[in-house]
Amino acid sequence: MSSRNRLRIFTGNANPDLAEEIARYLGVSVGAAKVTRFCDGEIQVAIDESVRGADVFIIQPTCTPINENIMELLILIDAVRRASARRITAVLPYYGYARQDRKTRARDPITARLIANVLTASGARRVLCMDLHAGQIQGFFDIPVDHLPGVPILAEYILQSGLKDIVVVSPDLGGVTRARELAERVNASIAIIDKRRPEPNVAEVAGLIGGIHGKTVVMIDDIIDTAGTICKGAVALKQWGAGEIYVCCTHAVLSGPAIQRLEEAPIKEVIITNTIPVPKEKMIDKIKVLSVAPLLGEAIIRIHEDLSVSKLFD
């Protein structure tokens, strides 16, 4: 029997389309599991096939509705653990609560660590994720974490687009490493927006480090939530003399006024991935969605066959 026959893919309701795409890449079917609700809202999980001794991967980004999706993931993990799965890997293309990774004032929780603890306690023995908001979140786990970057996927698309005279812009000082990695892959220079955040989901542009006059700008971030940072940055870049402005990110949360802001901003294209599903009503013409399924699928094969995941990026 092929070892691939011992691999099982399951998913909750967070992003079933991505799970199906990954399963097709792997040449397997998504496992028979029903995730439903009791009348009072309690989540009920039924695994309708044997997973005894199997290597199980549960694909569930913890995106909106985040608390519902986290509970679905935890209950799925518990269900297959009690069904005697050999190993359970939680595949989180998007890791919710990642922005609460440290105490910024007295009596703040560190919720990213709490989620790590709960995942481990539920029975996960490995975590596979993409573009964590803060790399140190890997250290919150006492189990192995495979952290995949989204930049190579974005860089490949930009190179294929044939853009000329590019400057990669980080919308804040915290994203410089990500911007530099993209710049190296597309052979471009970088610039940095000096951003201040007086309160959550509120951003103020204070200045610019680097030259962008007359250049094609590619702004990169890991998350676009309300799009305040990106759109204010785009307006400022236009005022400073930028040419066409492209925006790219791995995780398109797109909450609140995000779509309206992106529509009105001087942005030519918004390049995102499908770690989080984008509802049809939010799919404006500016948005281009790239698939992470081949990358996640290849990582799953390597984990399943005990091969190096880091070799994907050498």
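In helix H1 (residues 16–26), the buried residues are Leu18, Ala19, Ile22, Ala23 and Leu26. Because they cover an arc of only 140 degrees around the axis, they sit on the same side of H1. The arc is taken over the directions from the helix axis to the C-beta atoms. Buried means under 20% relative accessible area, exposed means over 50%, and partly exposed is in between, with a 1.4 Å probe and protein chains only. On the other side of H1, Asp17 and Arg24 are exposed.

A word on the basis of this talk. The model is predicted, so local features need pLDDT of at least 70 and side-chain atom pairs count only at pLDDT 80 or more, while totals for chains, interfaces and linings use all residues. Residues are numbered from 1 along each chain as its sequence is written, and side-chain values use heavy atoms, with hydrogens and water left out. Helices (H or I, at least four residues) and strands (E, at least two) are DSSP runs, numbered from the N terminus.

What do the buried residues of H1 pack against? They pack against E1, E4 and H8, where contact means heavy atoms within 4.5 Å. After H1 comes Gly27, with a positive phi near 75 degrees.

Now the sheet. Five strands form an open sheet with parallel pairing, in the order E1-E4-E5-E6-E7. Two strands pair if DSSP finds at least two bridges between them. Strand E1 (7–11) and strand E7 (145–148) are the edges, each pairing on one side only. From one strand to the next, the twist averages 20 degrees.

E1 pairs with strand E4 (residues 55–59) in the parallel sense over five bridges, and Phe10 has Ile58 in E4 as its bridge partner. Helix H2 (residues 66–82) packs on the sheet and touches E1, E4 and strand E5 (87–92); its direction makes about 165 degrees with that of E5. For such angles, axes are lines fitted to C-alpha atoms, for helices over the stretch in contact, and the angle runs from 0 to 180 degrees between N-to-C directions.

How many residues of E1 are buried? Five of its five are. Leu7, Ile9 and Thr11 are buried on one side, and Arg8 and Phe10 on the other, so that both faces of E1 are covered.

Val35 is opposite Val45 in E3. E2 and E3 form a hairpin with five residues between them, and Gly41 in the turn has a positive phi of about 100 degrees.

Next, the cores. A nonpolar core is a set of buried Ala, Val, Leu, Ile, Met, Phe, Trp, Tyr and Cys residues joined through side-chain atoms within 4.5 Å. The largest has 43 residues, and Ile158, Val168, Leu182, Leu296 and Ile300 have the most contacts inside it. Helix H8 (residues 293–304) gives the most to this core, seven residues. Apart from it lies another core, of 34 residues, among them Ile43, Val56, Leu92 and Ala112.

Last, the cysteines. The structure has zero disulfides, a disulfide being a pair of cysteine sulfur atoms within 2.5 Å. Cys63 counts as buried, at 4% relative accessibility.
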